[in-house]
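Here are my notes on this one, written as numbered points. Have the model open while you read.

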Amino acid sequence: MVTTTTTTAATTAPARTATWRRSRWWEFVRTQRLATVALVIIVLFVVAAIFAPLLAPYGATEQIRTAIRHAPDGRYWFGTDDLGRDIYSRVLYGARTSILISVTTVVVSGAIGTAIGVLSGYFGGRWLDSLLQRIMDAIIAVPGLVLLLFLAAVLGPSIRNTIIALIILIVPAFSRVARGEMLRVREEPYVEAARANGCGTVRILVRHGLPNLFAPLIVVTSLLFAGVLIAESALSFLGIGTPPPTASWGRMLSEGTRFLEIAPWMVVFPGGALTLAVLAFNILGDGLRDFLDPRSRR
Amino acid sequence: MAEYALRRTGYGLLVVFSVIVLVFLGLHAVPGNAVRAQLADSPGITEEEIAKRTAALGLDQPIGTQLLHFLGGIFRGDLGRSFVDNRSVASEIGERLPITLQLGLMAVIISVILGFAMGMLAAVRQNSLMDHSLRVVSVSGLSIPNFWLALLMVTYLAIYAGWSPPLVYEGPTQNLGNNLAQTILPAIALGVAGMAGTARLLRSSLLEVMQSNFIRTVRARGASRATVLFKHATRSSILPVFTVLGLQVGAILGGTVILESIFSIPGLGLLVFRAVQVRDYPVVMGCVIVYAAVFVLVNLIVDLTYGLIDPRVRYR
């Protein structure tokens, strides 16, 4: 994540040397302190997700029958749940589920949304643009969680279908950004020059359109990660997303609702992990926006 | 203005129409057949019964005919009948919509009032300790999932104050106290994100306006700080805040699904959630359409009221 951010920003600029790239990276760390901390937190989450089996003291579904709803202490850092499963271990495994789902969702919908937005923007005002925009407007008009529920009803609950539903939910966000930017780029003199030189549509879109999109898209990507994490947990919380016994933060929260007063740690820690991850992506997104587009200071 | 209003309304209707068509086509893309999917778990169901039920619901007709029939029904205020209890979907939604709208309205009020207070305070005391702590509050407010916040509030109120919201819903006319006791926590949870967003936008927009020439003139003429802030600056900086209000309502509406199910409030959100669990497609379809219609309507109202707040806005 670190490297993609900086390199994509770098490719849009004229100088592409390694030193330039490194100095740009240092500039980000120096000027965006808080966003850098957020980035470190995100990296820690990814590490936790990848190495969950090594880091977790217990298995994700391992039941310790002598410790049912055990309060947090030196042995069970985050306590245990009603089935005697270690919550710290399950939070680590839950990071795995969340990150797997959100990365897949954001990458696929980023690709689809960008393609739709670029086409729509390039052909702005014509029938293809109108058709695509009407579909996007219809998707946006349905409140997020309602749309996810509808798609879950149509597709049936499973991890794969959760990902498909989340992709449909956020494609419009990507396509909006890409379209807006493309409408601007389309009028640039260098695009006209390229067309006059006999460049085809595909070449113009790929060579001149896409590089301009990276900065705005990187910012939305970070913010959408935050949105997807919440949406996925909400679905699992409602029992429609990730099926049990897979550890997922949303599912853990819903299991904890029955024991709010006697075992509050069952909802405090999974929710805390979720909030921290969302917070990190939001702060990173803000930092990236300030860094990549200094005009739009908050 | 009249032409603009007409055009916006027409566009809103077009969006609702496309939602209806997409929802309809989406449901007919259910693998197999809706009746079969819904009755899959019922024991001792025969092929004959499935065929009979399919015919009764008109699902054996060509898809174009079905769509026209469905659209015709919507014009007459008929959204079909529930698969499960054969009740009219429209009347069921009619009963539950006010409950969700009440919850949503409470959330909007909380988000606007607190958001304005926080935003102004932060802008007036720019770069003070207050400003920095309010910034932390607003970033956290934007990040904290509303259902987790609601669970935390319930947990800690129960543990430390020995208070928990009533579990049986009563309408505001039946028992206003109980009604508010049950809806206040979900309304706060739903409003926090909007509050944070409003505070942030208002702060930056106020700071920008405070540096403009006309504010300097007002100050030079000897107006007090309060007059400058409340009478002149706030009015000019409301517009960007107002613009995102429509979007915030979308997030609040989506959130009602999860919060109504946590607090067992029998609104539209709980209805669509239950319907999804039993695959009651007519109810699901009706709810999605009504949710979208409410969202589109709110945004239309926001669009049309721009000019009332800020006369500088020109309708094109």
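1. Start with H5(B) and H6(B), which cross in a left-handed way (left-handed: the near helix is turned anticlockwise from the far one by less than a right angle; clockwise would be right-handed). The helices here are DSSP runs of H or I with at least four residues, numbered from the N terminus. H5(B) covers residues 89-124, and its axis comes within 8 Å of that of H6(B), at roughly 145 degrees. Axes are lines fitted to C-alpha atoms over the stretch in contact, and angles run from 0 to 180 degrees between N-to-C directions.

2. Before going on, a caution: this is a predicted model, where local features need pLDDT of at least 70 and side-chain atom pairs count only at pLDDT 80 or more, while totals for chains, interfaces and linings use all residues. Residues are numbered from 1 along each chain as its sequence is written, and chains are lettered from A and ligands numbered from 1 in the order in which they are written.

3. Over in chain A, H5(A) (residues 87-122) and H8(A) (residues 159-186) pack at about 35 degrees, with axes 5 Å apart. Their crossing is right-handed.

4. Finally, look where the chains meet: 42 residues come from chain B and 35 residues from chain A. On the chain B side, H10(B) gives the most, with 8 residues.

Technical notes. Contact = placed C-beta atoms within 7 Å. Helix = DSSP H or I, 4+ residues; strand = E, 2+ residues; numbered from the N terminus.
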